[in-house]
Amino acid sequence: MSTTAAGGKPSRSASALVADTATGSHHFTIDLYSRTKGIPTGESLKSCPFTVGGHRWLVLYYPNGDQAENAGYISLRLVLAENTSRTVRAQHQFRFAGEAENQALPLAAEPLNNFAGLASWGNSKFIRAEALEKSKHLRGDSFAVRCDLIVVSDLRAVETPEPAPPTFVTVPPSDLHMHLGNLLLAEKGADVVFEAGGETFAAHRCLIAARSPVFSAELFGEMKESVDTTAVVKIDDMDAQVFKALLYFVYTDTLPEMKREEAGEDAMSQHLLVAADRYNLDRLKLICEDKLCRCIQVSTVATILVLAEQHHCGGLKKACFDFLSSQANLKAAMASDGFEHLSQSCPAIMKELISMLSAFAP
């Protein structure tokens, strides 16, 4: 349904009828079949009660049909084995047990029947007795049937998303990062050169300045080293591979794939976190924090904790303390060499850890 306000767009909504369902099955084995053949038409033998959907059920087995016109047939019926004034809705089907194993319930086409009082539903002509006696299903004077059952309750309406209109045009995902990454690799139009770790990197001033306020100040603000656009901008205290990864992120908003033999992921993440904090690249800093949260071990937790404290990484600090909340981890980590550096760099953190350790004492 849709309505249109004056000058406005039509209001659209959708809903659907849904129901809670419970699924189950019951195996009913008839041993000594030949002894049941003498039971008169209309009389039945009962299975044990079983529960599906919060209700108790019984399978009724009629060896000579449930009524006169079905004499000579085996009839199977399902009955609700409880006194209730409520009507219980259910779908069911009878099959030979051997045919039903490891198969989904074939109930989609079955009718939804109302069970109440002594009302029963089933298959009055499940199989002729003569056909059963010649079939593979009767073995050693025994056969088994399976009743598959779906109990349906609480039909109700729920809001659903409006069906999407037909699509005639497919819009591909953005590939801006690929184009900018290729621009970095090709160095086309580059107007600034950085030097880090003995290597040089050509880049584009405007793009880098737009991504980092620190680079913006260095290249265009009062902090700029020289008006000479051909000058090389030196990056002190940073490894060439770290700066290369930093530049790649600036252009593509992603990190390059790193081979483990080139540098451990945790070591590179530590160096990149420092670089990201230095140049106010907040998203890169959070990416490195997340990676380091998954690299915390006894041998690395002290170093990572120092890093978290010095660069104001609250989530990473919490991850370290969560790791050290284990008494075994805390004792092992405090015995490592890294904790000497931690005690000198972050005495306040050491006080917290000593407090945690004393809490474990008996």
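Glu195 is partly exposed, at 29% relative accessible area. Here buried means under 20% relative accessible area, exposed means over 50%, and partly exposed is in between, with a 1.4 Å probe and protein chains only. Glu195 sits in strand β12, residues 192-196. Strands (E, at least two residues) and helices (H or I, at least four) are DSSP runs, numbered from the N terminus. Setting aside neighbours within four places in sequence, Glu195 contacts Thr200, Val232, Val233, Lys234 and Ile235. Contact means heavy atoms within 4.5 Å. Glu195 and Phe243 are 48 residues apart in sequence, and their C-alpha atoms are 9.1 Å apart in space.

A word on the source. This is a predicted model, in which local features need pLDDT of at least 70 and side-chain atom pairs count only at pLDDT 80 or more, while totals for chains, interfaces and linings use all residues. Residues are numbered from 1 along each chain as its sequence is written, and side-chain values use heavy atoms, with hydrogens and water left out.

Now the overall picture. The protein chain has 14 helices and 14 strands. Of its 362 residues, 37% count as buried. Take the contacts between residues at least 6 apart in sequence: 65% of them join residues at least 24 apart.

Two examples show such pairs in strands. Asp20 is found in strand β3, residues 14-30. Asp20 counts as partly exposed, at 35% relative accessibility. Asp20 and Ser153 are 133 residues apart in sequence, yet 5.3 Å apart in space, C-alpha to C-alpha. Beyond its neighbours within four places in sequence, Asp20 is in contact with Val151, Val152, Ser153, Asp154 and Arg156. His92 lies in strand β8, residues 88-96. His92 is buried, with a relative accessible area of 8%. Along the chain, His92 and Thr23 are 69 residues apart; their C-alpha atoms are separated by 9.8 Å.

Next, the interior. In soluble globular proteins, nonpolar side chains tend to be buried together. A nonpolar core is a set of buried Ala, Val, Leu, Ile, Met, Phe, Trp, Tyr and Cys residues joined through side-chain atoms within 4.5 Å. The largest such core has 56 residues. Which of them touch the most other members? They are Phe194, Phe243, Leu246, Leu324 and Leu353. Helix α7, residues 240-252, gives the most to this core, with 9 residues. The core draws at least three residues from each of domain 2 (177-284) and domain 3 (296-361). Those bounds come from an automatic or database domain assignment. Leu353 is in contact with Leu305, Phe321, Leu324, Leu330, Phe339 and Leu342, leaving aside its neighbours within four places in sequence. A second, separate core has 27 residues, including Val52, Ile74, Leu76 and Val145.

Then the helix pairs. Two packed helices are described by the angle between their axes and the distance between the axes. The axes are lines fitted to C-alpha atoms, for helices over the stretch in contact, and angles run from 0 to 180 degrees between N-to-C directions. Angles under 35 degrees count as roughly parallel, over 145 as roughly antiparallel, 65 to 115 as roughly perpendicular and the rest as oblique.

Helix α8 (residues 265-278) packs with helix α10 (residues 301-310) at an angle of about 10°, with axes 11 Å apart. The two are therefore roughly parallel to each other. Gln270, Leu273 and Val274 in α8 meet Thr303, Ile304 and Leu307 in α10. By class, this contact has 4 nonpolar, 2 polar and no charged residues. Ala, Val, Leu, Ile, Met, Phe, Trp, Tyr, Cys and Pro count as nonpolar, Asp, Glu, Lys and Arg as charged, and the others, Gly among them, as polar.

Helix α9 (residues 282-293) and helix α11 (residues 314-324) pack at about 5°, with axes 9 Å apart. α9 and α11 are therefore roughly parallel too. Glu289, Leu292 and Cys293 in α9 meet Gly314, Gly315, Leu316 and Ala319 in α11. That contact has 4 nonpolar, 2 polar and 1 charged residues.

Last, the backbone. Most residues other than glycine have a negative phi. Asp237 has a positive phi of about 55°. Asp237 lies in the loop between β14 (232-235) and α7, and is exposed at 81% relative accessibility. His312 also has a positive phi of about 55°. His312 lies in the loop between α10 and α11, and is exposed at 67%.
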